[in-house]
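Hi everyone, thanks for making time.

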Amino acid sequence: MDSCLRAAAAALAVLVIGATPAVAAGPPKDYTQTANLSQPVFSGDEIVREIFEVPMHDGVHMYVEVVRPAADGDYPVILEASPYHGTLADRDGRRILPEPAGEDGVPLGLTGYFAPRGYAVVMADLRGTGRSEGCLDHLGQNDAKDLKDIVEWAASADWSNGRVGMTGHSYVGSTPSVAAAQNPAGLVTILPSAGLSSMYDHQFQAGVPYFLQWAGPMEAYEQLALQRHLPPAPADPLGLVGPTGDSFGKGMEYFGCGLPNSSLVEGERQFSGEYGGWHAERDHDAGATAADIPVFLWHGVNDNAARVSSMEWFTRRDGHPGDKLWLGQWDHGSGCCPTRRGIQATYAMHAWFDKHLAQRDTDTGPPVEMFLSDGTFEEATTGDRDQIHTADAWPGAPRALGLNPSASGGTLEPGEVEEGEASFIGDPLGVVDPQGTGGVDFVSEPVEADTLFAGQPRLELAASVSAPRVHLIANVYDESPDGDRRRLSQCAINPELRNGIATNTPVVPGERYDMTPSCYAMAHNLRAGHRLVLRVTASDPDKVPIFALDPNITVFTGPGATALQLPVVDGPTLYEDDIPLEEGAGVPVGPAQAPLSGSAMPLAPGAGVRVEPLTSATFEFDVEDGFDNARMVASAVPGAPADIDLYLQRQEDDGTWSDDLASGASGSLESETLESGRLEPGHYRIEVHNWAGPPATSVELSLTFFNQDGEPGA
């Protein structure tokens, strides 16, 4: 190392180590050991399911099912408000609460777990979905008023104690924050998982459209609203229209009436990413941030459907008294779970609702628990775990570590650098190969000490482009000594929106603009010997590449130009993440079985139509007796870019195959992952469905089994 680089590395080490240690919030909690939790005291016919059609502000009736103890009483209320009931989800809350399962192996869900413990669980269908009347509103003003009405209805019911809490995952995890923004009487807490409070955050990152989710408010949700009226599934054996609902023959006057509420009414703004009237009507950020109730938020920094940037409304609460955060490395958890915390999630929710709804004296753990991983990006998203950092508030007061890219050496340095320019030709190839697409890299020297990043990074990006519409995407990577990279954050902007997402300002080709892209929150530990990389490109697997072909992009460096600030926690206390993720039920800890590998080759793309062996192919395998197979992760890599989906099934005694036990369907063109819980000995198969890809695409499969201590089989 020459003297200049050595000096830069030393300066970086000094900045990273810091001198003021953070104050830990105590050790992380094993929630299965929480004292004074409510216990199941009702069963069988002591629990009743009632159906209501509740009138809303405009006379539209919302369909509601309530599962509660049959005896007269004042019960705390848990509310799930969903657009998926009857199409993609049940009315028992199994998506947010997949564990534990009953004796039949079916998850108890919110109704089966909480009603026996003396709760009233309310399952409401959003207007225009399920069995409710009205037109799909995409979390607009009618949905907002409905949520206020249904909370206050539940709080005032004669079986209610007047205290309502809301929960849910994904879209269903968005309704709690929208409801909180309306300040309804009786709403005392929310526990949203991977949700959002603004539809803009679902579609765009500062004007750059997210892959797949961009199209959700245009078409996907509208399709669900239409499908609820179609004949039951047996009338469609090939699944050509996807899952149908249970409103066949009912409310046909509402068929398709939500189409005028689609985001397509915004026209060209859906391509520029400009924030317009449609998004303004569906922006509940300010109200959710100001809501004066305790919030327990679950989110993954690598979520590939509800990006972590959608939790900024919570970040702006700046450690509101009573708030709690779980922030992990996981993705959206499709096909397995809302988080990667297993049974811990069930007990953490239980403790939270017991405290705030049932008003029991329960310990809800540290205000912030960040779950850290040293694994690769793929390993981290599927549950790899190493350490936990706790804190008194999010984001707390992290110190800003300033780093400056240098065009002359391609370096990333803590000190000032000379003026320079680094240019590249943008292309859409980053959708399948983020490291192989056109771009420029700025790389730091190896850090000399482990460094914890926690909070909101900030990027000042000075750049010029040669086309009127370009996507500028800057990824911050952790680069290991072996050269492997995992993403720590992503910042993005459409230069047309450099003056704000609601202001579209034309781009002059070749003119330098100083921009502040929106960045993902961070919760990562950078190990000693690793490097930081700032890579600027025009495309990424996370984004839809709708921009002019082959633009020339120049990044300016030096004083007053491109600069990166990362949030550093000085002197953090880190705890080993050895908390059990399942109750065990008497299962002794032992080794998991050895990994398996294989391949499958669907013959043709099916766009959701699963027909074996045409659009789906299978890989069969055995789960062996005598092993502690608490978890299984299946990774699939197509031989050519393709959107593949995975489904796990078990062979029944009569030779038939079960319904799907787990699934993986992220929309990635590079790989797919499926995760299951504990697998009992037996014969299984993974169905590989070619949703969209070349014919006869060969898919390589790798199956890894983990024991209850998280150790892989060897």
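Let me begin with a term: a polar contact here is a pair of N or O atoms within 3.5 Å, where, within protein, one must be able to donate a hydrogen and the other to accept it, and residues adjacent in sequence count only if both atoms are side-chain atoms. By that rule, the side chains of arginine 317 and aspartate 323 are joined by a polar contact of 2.7 Å.

Quick caveats: this is a predicted model, with local features needing pLDDT of at least 70 and side-chain atom pairs counting only at pLDDT 80 or more, while totals for chains, interfaces and linings use all residues. Numbering runs from 1 along each chain as its sequence is written, and side-chain values use heavy atoms, with hydrogens and water left out.

Back to arginine 317. You'll find it in the loop between α10 (312-315) and β10 (324-328); helices (H or I, at least four residues) and strands (E, at least two) are DSSP runs, numbered from the N terminus. Is arginine 317 buried or exposed? Buried, with a relative accessible area of 7%; the cut-offs are under 20% for buried, over 50% for exposed and partly exposed in between, using a 1.4 Å probe and protein chains only. A polar atom of its side chain also lies 3.1 Å from the backbone oxygen of alanine 288.

Now the aromatics. Searching the whole structure gives 21 aromatic pairs. Rings of Phe, Tyr and Trp (its six-membered ring) pair if their centres lie within 6.5 Å; planes under 30 degrees apart are stacked, over 60 edge-to-face, and the rest tilted. Tyrosine 31 and tryptophan 326 have ring centres 5.8 Å apart and planes at 65°, so they're edge-to-face. That pair links distant parts of the chain, 295 residues apart: tyrosine 31 is in the loop between α1 (3-17) and β1 (47-55), and tryptophan 326 is in strand β10. Both tyrosine 31 and tryptophan 326 are buried.

Then there's tryptophan 330 with phenylalanine 371, a tilted pair at 5.9 Å centre to centre and 35° between the planes. Tyr31, Trp326, Trp330 and Phe371 are among the members of one aromatic cluster, which also includes Trp352.

Last bit: charges over rings, meaning NZ of Lys or CZ of Arg within 6 Å of the ring centre and within 35 degrees of the ring normal. Arginine 610 has its charged end over the ring of tyrosine 647, 3.5 Å from the centre. Arginine 631 lies over the face of phenylalanine 706, at 4.3 Å from the ring centre.
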